[in-house]
Amino acid sequence: MIRYQVRVARGEQGISRGHQTFEVELEDRMTVLDALFRIQREHDPEFTFRCACRVGMCGTCAASINGIPRLACRTRASVLGGKRITVDPLPNLPVIRDIAVSMQPFFDQWKRVTPGFRPRAPESTELATIPEGSRYMRLSKGKRDCITCGACFGACGVKAASAEYLGPAAINRAMLRLIDPRDGAVEERVSVLDQERAGVWRCHTQFNCTEVCPKGITLTESITWLQRSLLRKSSLRNKA
Ligand code: SF4
Ligand code: FES
């Protein structure tokens, strides 16, 4: 067992009550999420955080851990290098209580890019397939596994300064739909992505989003790909 000092943010509805430090014992294999559960079970049942799957699939446990947005359930305490761990709510999102944030601003932006599939030929009864080796498969490789954890949203310096900015995850989602030859909602997405204050032009290519994404999605690459494509919009309209 290793004894850690775990410093966690306290507060609710946007009112900070500073940090509180708890002594927590963890085995080598245990995660920051285990530490949060220990605090709740052994010290303060009212301490609040979010989680669901506990295996890196649902994205709900994302938090700022020692200043970096990460999944608490995928971050072993022993790899953080030290006996003091600080856990804060994800930046750029409103705090509900302690570590739990509202994901509403994240999903408000997500919805703006028409994230759902809109068939190009809704009446068609043909089986639409995407062959291996096609343009879609090539460009979407490594970009399809977003778990909407919000880590990139929290790490984004532009997002911190602009409530209007779509943020990296929504832009990546829009790119996936735009390169899908079966999808037809090109104009709706382009009109949002091309906006001066909210769209892809706001990105400062700081790579913070790419660095923190737990699924290894190359978000900055998606954004710069869209910037190039928007300069010659015909390439987006002609998806073939
Ligand atoms: S792109 Fe990565 S960091 Fe951003 S919400 Fe999706 S999984 Fe999380
Ligand atoms: S609890 Fe689901 S990703 Fe961590």
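## The main nonpolar core

In this predicted model, the largest nonpolar core holds 46 residues. A nonpolar core here is a set of buried Ala, Val, Leu, Ile, Met, Phe, Trp, Tyr and Cys residues joined through side-chain atoms within 4.5 Å; buried means under 20% relative accessible area, exposed over 50% and partly exposed in between, with a 1.4 Å probe and protein chains only. Val6, Val8, Leu33, Ile85, Val87 and Ile99 have the most contacts inside this core. At least two core residues come from each of strands S1 (2-12), S2 (15-26), S3 (62-65) and S5 (84-88), and from each of helices H1 (32-42), H2 (104-112), H4 (151-155) and H8 (208-212). H1 gives the largest share, six residues. Because domain 1 (2-101) and domain 2 (104-237) both contribute residues, the core lies between them.

Let's look at Val87 in particular. Setting aside neighbours within four places in sequence, Val87 is in contact (heavy atoms within 4.5 Å) with Val6, Arg7, Val8, Ala9, Val32, Leu36, Ala63, Ser64 and Ile99.

The protein chain is divided into domain 1 (2-101) and domain 2 (104-237), with bounds from an automatic or database domain assignment. Taken over C-alpha atoms, the centres of the two domains are 30 Å apart. Their contact takes 13 residues from domain 1 and 15 residues from domain 2.

About 970 Å² is buried between the domains, and carbon and sulfur atoms give 66% of that area. Buried area is the accessible area (1.4 Å probe) that two parts lose on being put together, summed over both. On the domain 1 side, Pro69, Asn92 and Leu93 lose the most area to domain 2, together 47% of what that side buries.

## The chain as a whole

The protein chain has 10 helices and seven strands; helices (H or I, at least four residues) and strands (E, at least two) are DSSP runs, numbered from the N terminus. Its C-alpha trace spans about 60 × 35 × 30 Å along the principal axes. Of the 240 residues, 47% are buried. Among contacts with a separation of 6 or more, 64% are between residues 24 or more positions apart.

## Around ligand 1

Ligand 1 is surrounded by 14 residues, the closest being Cys146, Cys149, Gly150, Cys152 and Cys213; a residue is near a molecule if one of its heavy atoms lies within 4 Å of it. By class, this shell has 11 nonpolar, two polar and one charged residues. Ala, Val, Leu, Ile, Met, Phe, Trp, Tyr, Cys and Pro count as nonpolar, Asp, Glu, Lys and Arg as charged, and the others, Gly among them, as polar.

Cys149 sits in the loop between H3 and H4 and is buried, with a relative accessible area of 7%. Not counting residues up to four places away in sequence, Cys149 touches Gly59, Ala62, Leu71, Leu90, Met103 and Pro214.

## An exposed loop residue

Glu123 is found in the loop between H2 and helix H3 (135-140). Glu123 counts as exposed because its relative accessibility is 72%.

## Notes on the model

Residues are numbered from 1 along each chain as its sequence is written, while chains are lettered from A and ligands numbered from 1 in the order in which they are written. In this predicted model local features need pLDDT of at least 70, side-chain atom pairs count only at pLDDT 80 or more, and totals for chains, interfaces and linings use all residues, while side-chain values use heavy atoms, leaving out hydrogens and water.
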